[in-house]
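Open the model in your viewer and keep the selection tool ready. This tour goes stop by stop.

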Amino acid sequence: MASTRFTLSPAIDLPLPIKVSTASLQSAPLFSFRPLNSPPFRYTWKRNVAAASVSGSNAVSEQVVDTTQDAQATISRPSSSKLVLVVGGTGGVGQLVVASLLDRNIRARLLLRNPEKATTLFGEQDEEKLQVRLGDTRNPKDLDPSIFEGVTHVICCTGTTAFPSRRWDGDNTPERVDWDGVRNLVSALPSSLKRIVLVSSVGVTKFNELPWSIMNLFGVLKYKKMGEDFVRNSGLPYTIIRPGRLTDGPYTSYDLNTLLKATAGERRAVVIDQGDKLVGEVSRLVVAEACIQALDINFTEGQIYEINSVEGEGPGNDTRKWEELFKAAEKPLPL
Ligand SMILES: NC(=O)c1ccc[n+]([C@@H]2O[C@H](COP(=O)([O-])OP(=O)(O)OC[C@H]3O[C@@H](n4cnc5c(N)ncnc54)[C@H](OP(=O)(O)O)[C@@H]3O)[C@@H](O)[C@H]2O)c1
């Protein structure tokens, strides 16, 4: 029953050919920091139009030879065959997911209501590494098939406030975002998808019980559970991550380099469980890392995990340690 704890040690960029003493890296950021003060990268966003640059995605990074970019740009060319669609990529968890994908040289595509936010946060990026599409998940017509062309994985971190706020303006309520939006997104995804990771919440199975019923006064937990169930019944390979109360971020005034320096402070230890019993807090940095790790850990497919972070050292971006954490949490029949 006991959840296994690992601590989030400072991140080390992979592959790492040398041994690094973690003692010397105690104050290092979760993501390794590589200055992106590079060259004349082009960064554009598109409305829902087919993008020739994203087709045949698996081989693109090796085939492209761009003589206009200098050596540093060549080094930062995408090295992974993944193309990860991040939905809600400018939100608190989403911005850290995107920053980490960029840092790992994994290609990302963002689906955003406001593409300018991506420019503010992530600056000038090569379209090969970061693409932006305009869309609102509440509107099925926005979810044109071209958005999903070449996409291998999806991380969905959309959300709004649990209680009425300005973020509900224009009817962007939990019902519309966590239920209609997730349902629309999942319905539009191609069956070839390798994984969708949905960020949900602890407490979704107990929305009628105190104290969860208070949080659920406007339905946020109920609608998140409906979204989860739609994902589970979609036939797509999925992983659901249910965070506790989120800490660290959103980093509203950060740019990419500053985002990459964000740390989970003392709370780097990770607690993962199943069965919706976990109560507590979790750093958004830890949630972002869990989403990215789940993409590559096969046995997390079809699983639902609750996640917290507490004081102590953590798994950083060590996939073996994340495997142990996810494995130790597994229960026969998660709710
Ligand atoms: N806050 C907590 O303590 C807590 C606890 C447990 C779980 N969660 C859940 O964890 C997830 C991540 O939370 P967070 O606080 O990091 O998120 P956040 O900062 O609220 O970001 C939400 C993202 O969703 C996008 N979004 C909202 N409505 C959209 C729509 N109709 N179409 C497309 N995109 C839309 C937002 O973009 P715009 O800029 O366009 O609005 C934003 O990028 C959310 O699902 C949240 O409910 C939160």
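Where is the kink in α6 centred, and what is its angle? Select G181: the kink is centred there and comes to about 30°. The bend at a residue is the angle between axes fitted to the seven residues ending there and the seven starting there.

Before moving on, two notes. This is a predicted model, in which local features need pLDDT of at least 70 and side-chain atom pairs count only at pLDDT 80 or more, while totals for chains, interfaces and linings use all residues. Residues are numbered from 1 along each chain as its sequence is written.

**The whole chain**

Show the chain as a cartoon. It has 11 helices and 12 strands. Helices (H or I, at least four residues) and strands (E, at least two) are DSSP runs, numbered from the N terminus. Of the 335 residues in the chain, 46% are buried. Buried means that 20 or more other C-beta atoms lie within 10 Å of the residue's own; exposed means 12 or fewer, and partly exposed is in between, with C-beta atoms placed from the backbone. Among contacts with a separation of 6 or more, 77% join residues 24 or more positions apart. A contact needs C-beta atoms, placed from the backbone, within 7 Å.

**Helix α6**

Select residues 174-188. This is α6, with 15 residues. From first C-alpha to last, α6 reaches 20 Å, close to the 21 Å expected at 1.5 Å a residue. The expected span is 1.5 Å times one less than the number of residues. Because 11 of its 15 residues are buried, α6 is largely enclosed by the rest of the structure. Colour some of the buried ones, including W179, R183 and L185. Now show what covers them: β3 (83-87), β6 (153-156), β7 (195-199) and α8 (220-232) are included.

**Around the ligand**

Next, select the shell around the ligand. It holds 26 residues, and the closest are G88, G91, G92, R113 and G159. Near here means a C-beta atom, placed from the backbone, within 6 Å. The elements giving two or more residues to this shell are α3 (92-103), α6 and β9 (245-247). With three residues, α3 gives the most. Colour the shell by class: seven nonpolar, 13 polar and six charged. Ala, Val, Leu, Ile, Met, Phe, Trp, Tyr, Cys and Pro count as nonpolar, Asp, Glu, Lys and Arg as charged, and the others, Gly among them, as polar.

**Helix α3**

Stay with α3. Its 12 residues reach 17 Å from first C-alpha to last, close to the 16 Å expected. How many of them are buried? The count is 12 of the 12, so α3 is largely enclosed by the rest of the structure. Step past the helix to N105, whose phi is positive, near 65°.

**The core**

Now select V97, C156, I241, V287 and C291. They have the most contacts inside the largest nonpolar core, which has 76 residues. Such a core is a set of buried Ala, Val, Leu, Ile, Met, Phe, Trp, Tyr and Cys residues joined through C-beta atoms within 7 Å. Helix α10 (residues 284-296) gives this core its largest share, nine residues.

Zoom in on C156. Leaving out residues up to four places away in sequence, C156 touches V87, G88, V182, L185, I196, L198 and V199.

Then pick A290 in α10. A290 is buried, with 28 other C-beta atoms within 10 Å. Beyond four places in sequence, A290 is in contact with I241 and I307.

**Last stop**

Select Q125, in the loop between α4 (116-122) and β5 (130-134). Q125 counts as buried because it has 23 C-beta neighbours inside 10 Å.

How values were computed. Contact = placed C-beta atoms within 7 Å.
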